[in-house]
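Let's walk through this structure together, starting with a few ring contacts and then stepping back to the fold as a whole.

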Amino acid sequence: QVQLVESGGGLVQAGGSLRLSCILSGMSISGNTMGWYRQAPGKQRELVATISSGGSTNYADAVKGRFTASRDNAKNTMYLQMDSLKHEDTAVYYCNVVAIVIRNPNTSWGQGTQVTVSS
């Protein structure tokens, strides 16, 4: 059974930084494109960053230039470095295997990690 555990969130002032971590168990992240998602209050979950098995990244326009995704396949872990945080980045952040989410949007998710940016 695939389990995802996100951590690293917290309360930070606008302009600050946080580094999120995601540990996957039950399957290997190697060979899989991984994604960071977020869900703000009253909004749908959205994809903010992807990182391929080879390390290529893509970002939503809202976070481009401020967020950096990375991965450590040996540790089955991925990261999201978030800099120059804005109030609108406030959300619960989740990670998942992109292909799984596409195949089944109702797939299970981890508990997420809350990021709150004070303005």
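A charge is said to sit over a ring if NZ of Lys or CZ of Arg is within 6 Å of the ring centre and within 35 degrees of the ring normal. Keep in mind that the model you are looking at is a predicted one. With that rule in hand, look at Trp-109: the charged end of Arg-45 sits over its ring, 3.8 Å from the centre. A second case is found at Tyr-79, where Arg-19 lies over the face, 4.0 Å from the ring centre.

A pair of aromatic rings is described by the distance of the centres and the angle of the planes. Rings pair if their centres lie within 6.5 Å, and planes over 60 degrees apart count as edge-to-face. By this rule there are two aromatic pairs. In one of them, the centres of Tyr-37 and Trp-109 are 5.0 Å apart and the planes stand at 85 degrees, so this pair is edge-to-face. It joins distant parts of the chain, since Tyr-37 belongs to strand β4 (residues 34–39) and Trp-109 to the loop between α1 (98–103) and β10 (113–118), 72 residues apart. Tyr-37 has a relative accessibility of 6%, so it counts as buried.

The other pair, Tyr-94 with Trp-109, is edge-to-face as well, with 5.8 Å from centre to centre and 70 degrees between the planes. Because Tyr-94 lies in strand β9 (residues 91–97) and Trp-109 in the loop between α1 and β10, this pair ties together parts that are 15 residues apart in sequence. Tyr-94 is at 12% relative accessibility and therefore counts as buried. Taken together, ring pairs link Tyr-37, Tyr-94 and Trp-109 into a cluster.

Now for the strands around these rings. β2 and β10 pair in the parallel sense over four bridges, and Gln-13 has Ser-118 in β10 as its bridge partner.

What does its overall size say? For 119 residues, a compact globule would have a radius of gyration near 14 Å, and the 13 Å of this protein agrees with that. Buried residues make up 45% of the 119 residues.

Definitions and conventions:
Residues numbered from 1 in each chain as written. Predicted model: local features only at pLDDT ≥ 70, side-chain atom pairs only at ≥ 80, totals over all residues. Heavy atoms only, no water. Phe/Tyr/Trp six-rings, centres within 6.5 Å; stacked < 30°, edge-to-face > 60°. Helix = DSSP H or I, 4+ residues; strand = E, 2+ residues; numbered from the N terminus. Buried < 20%, exposed > 50% of the residue type's maximum accessible area, 1.4 Å probe, protein only. Pairing = 2+ DSSP bridges. Rg over C-alpha atoms; globule rule 2.2 N^0.38 Å.
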